[in-house]
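Keep the viewer open as you read.

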Amino acid sequence: MVDLTKLTTESRNPETMNLDEMTPLEIVQVMNNEDAHVIEAIRGELPRIAQAIEWTTEGMRAGGRIIYMGAGTSGRLGVLDAAECPPTFGVSPDLVVGLIAGGEKAFIHAVEGAEDSPTMGVDDLKALGLTDKDVVIGLAASGRTPYVAHALDYARSVGCHTVAIACNKGSVIGGHADLAIEPVCGPEVLTGSTRLKAGTAQKLILNMISTATMVGMGKVYQNLMVDVQQTNEKLVTRAQNICMAATECTREEATEALAAANGHVKTAIVMILNGQDVEGATAALEAAGGRVRGAIGA
């Protein structure tokens with residue numbers, strides 16, 4: 001039996017011993033103060049986060065994937081980040097994958113015992129056809145989830161780069177991975193409720209990993225999401241705005257170029273900046289590996 005009281009994520013916060021007596025304003029003030037520790041904790045992990053991004057970018061360029069794995073809140077955060085990549089960056093849903101102990105139903109309802117399984121995570125990776133080009137990122141606020149630890153062992157046996165993200169130093173899963181990212185945010189406002197600071201820390205780190213990887217994959221020009229998918233009215237307008245920002249063209253010109261490019265924002269931008277037709281812009285992008293800056297020679 002693991003002594004959870006020795007984990008920072010499970011210890012009691014001296015600032016909130018009278019949480020049940022606080023006013024709503026006092027509660028949100030202390031939560032806000034505690035949340036400030038998250039940023040500081042992550043700052044100390046930036047070199048390791050950058051290393052993870054180098055691996056994910058390298059793997060993706062070779063045809064690999066990012067695979068997040070976790071249970072409970074940690075698993076849900078991985079699934080969330082994976083789900084947001086296709087509309088934001090125009091990538092296949094198979095490129096960034098989120099696995100949660102207990103399967104998709106566990107996203108809404110807890111599946112009892114799933115996180116303690118030593119085989120379920122391995123089976124989930126085998127079902128994906130794991131290869132050595134993939135990067136497996138295990139998430140566990142406590143840092144001790146068996147579902148994650150055993151999956152990381154399997155991923156290493158396949159030859160994958162493996163990363164553990166936990167909120168306790170010297171975590172168990174950190175010992176099962178090539179790289180351990182371990183921001184320690186201090187005890188939670190509500191003892192043991194790791195959906196709070198620990199969850200925020202994991203979300204911020206996943207934001208960094210997926211965004212920076214997609215920058216490395218040429219999915220961004222300047223600071224614009226030039227592979228955004230126009231799946232609703234708001235995103236149709238955003239695509240026009242991106243074209244206008246990147247080229248200083250009018251909305252009419254942006255709309256016309258996007259229509260000619262079949263809605264592909266990067267192609268429309270290159271068409272406008274290079275004065276090319278769709279075929280010419282497409283060829284320029286292909287020659288530049290999908291990077292707008294390379295396609296326009298700037």
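Ala164 has its bridge partner in E5, namely Ala180. In this predicted model, local features need pLDDT of at least 70 and side-chain atom pairs count only at pLDDT 80 or more, while totals for chains, interfaces and linings use all residues. Residues are numbered from 1 along each chain as its sequence is written, and side-chain values use heavy atoms, with hydrogens and water left out.

Ala180 itself sits in strand E5; strands here are DSSP runs of E with at least two residues, helices are runs of H or I with at least four, and both are numbered from the N terminus. With a relative accessibility of 25%, Ala180 counts as partly exposed. That class lies between buried, under 20% relative accessible area, and exposed, over 50%, using a 1.4 Å probe and protein chains only. Setting aside residues up to four places away in sequence, Ala180 touches Glu45, Arg48, Ala164 and Gly174, where contact means heavy atoms within 4.5 Å. Ala62 is 118 residues away from Ala180 along the chain, and their C-alpha atoms are separated by 23 Å.

Strand E4 (residues 161–165) and E5 run parallel and are joined by three bridges; two strands pair if DSSP finds at least two bridges between them. Ala164 is also the bridge partner, in E4, of Gly138. E3 and E4 pair in the parallel sense too, over five bridges. E4 is mostly covered, with four of its five residues buried.

Is Cys160 buried or exposed? Its relative accessibility is 4%, so Cys160 counts as buried. Beyond residues up to four places away in sequence, Cys160 touches Leu130, Thr131, Asp132, Asp134, Val136, Ala155 and Asp178. The C-alpha atoms of Cys160 and Met60 are separated by 12 Å, although the two residues are 100 apart along the chain.

Next comes the largest pocket, with a volume of about 310 Å³. On a 1 Å grid over the protein atoms alone, a pocket is an open set of points where a 1.4 Å probe fits, with protein on both sides within 12 Å along at least five of seven lines; lining residues have an atom within 4 Å of a point. Grid points are joined across faces, edges and corners, and the volume is the space filled by probe spheres set on them. The pocket is lined by 17 residues, and the closest to its centre are Glu10, Glu115, Ala141, Ser142 and Thr194. Helix H3 (residues 72–89) gives the largest share of the lining, three residues. By type, the lining divides into four nonpolar, nine polar and four charged residues. Here Ala, Val, Leu, Ile, Met, Phe, Trp, Tyr, Cys and Pro count as nonpolar, Asp, Glu, Lys and Arg as charged, and the others, Gly among them, as polar.

Glu248, in the loop between helix H7 (233–247) and helix H8 (251–260), has a positive phi near 60° and is exposed at 75% relative accessible area. Asn262, in the loop between H8 and H9, likewise has phi near 60° and is exposed, at 74%.

Finally, the whole protein chain comes to eleven helices and five strands, and 46% of its 298 residues count as buried.
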